[in-house]
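Me: I would like to go through this fold step by step. Can you take my questions one at a time?

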Amino acid sequence: MTTRVKVAPSILSADFGRLAAEVKAIEQAGADLVHVDVMDGRFVPNLTIGPLVVEAVKRSTTLPLDVHLMIVEPERYIGDFAKAGASIITVHQETCPHLHRTLQQIRAAGATPSVVLNPATPLSAIEEVLGDVEQVLLMSVNPGFGGQAFIPSTVDKVRRLRALLDGRGRSHVDIEVDGGINPDTAKQVVAAGATVLVAGNAVFKSPDYAKAIAALRP
């Protein structure tokens, strides 16, 4: 059975002056998730949004909110983001010295636990927690800014992660890819085993969101 590829447009590329309308537009255009990039200016060189904006986005859509915490000490804010309406909360392995505990905290808060790796972080860094997550996000750019070029080695990393998950009896775990996703790179990572695609500019810079989202699915 072929798994339907989910598309998660990143609101980092949306028009924040009309954010509610943008979120409604991607829902009507066929998006599966709303990807929310939270940056703290410390772990990554950019500063974006917090729980109040997540709460506002939640009021604007029925889609699940896929909240990516690019922040240090994420454990301090997991409860706030869960209460604001985050369906999936993704934390960086690089910022969690007690990763297992943090993933348990996400689940206890009522959200789906997800872990993310930067491009240079090996898969071995999360082998011990694969039984505790429902999604693994692989960054295909270095996090912090939208509009970067896709790192080609990500394709093989996706392939190795899919084999690792299948070998652990965790075939249902989603593999999400974020960074430089367009119809060409989407095809490559989906063929390697990715099931969720984060796309910012590929969707929000397009004149037709529905066509842009459809073009990302094989």
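Reply: Start with one term: two strands pair if DSSP finds at least two bridges between them. Keep in mind that this model is predicted.

Me: In what order do the 8 strands of the open sheet lie?

Reply: The sheet is open and its pairing is parallel. Neighbouring strands are turned by 25° against each other on average, direction ignored. Read across the sheet, the order is 1-8-7-6-5-4-3-2.

Me: Which strands stand at the edges?

Reply: Look for strands with a single partner strand. One side of each is then left without a neighbour in the sheet, so these are the edges: strand 1 (6–9) and strand 2 (34–39).

Me: How many residues of strand 5 are buried?

Reply: Strand 5 covers residues 112–117. Strand 4 (residues 88–92) pairs with strand 5 over 5 bridges, and 4 bridges join strand 5 to strand 6 (residues 135–139). Buried means under 20% relative accessible area. Strand 5 is mostly covered, and the count is 5 of its 6 residues.

Me: Which residue in strand 5 is the bridge partner of His92?

Reply: Strand 4 and strand 5 run in the parallel sense. On the strand 6 side, Val115 stands opposite Val136, and Ser114 stands opposite Gln135. For His92, the partner is Val116.

Definitions and conventions:
Residues numbered from 1 in each chain as written. Predicted model: local features only at pLDDT ≥ 70, side-chain atom pairs only at ≥ 80, totals over all residues. Heavy atoms only, no water. Buried < 20%, exposed > 50% of the residue type's maximum accessible area, 1.4 Å probe, protein only. Helix = DSSP H or I, 4+ residues; strand = E, 2+ residues; numbered from the N terminus. Axes fitted to C-alpha atoms, helices over the stretch in contact; angles between N-to-C directions.
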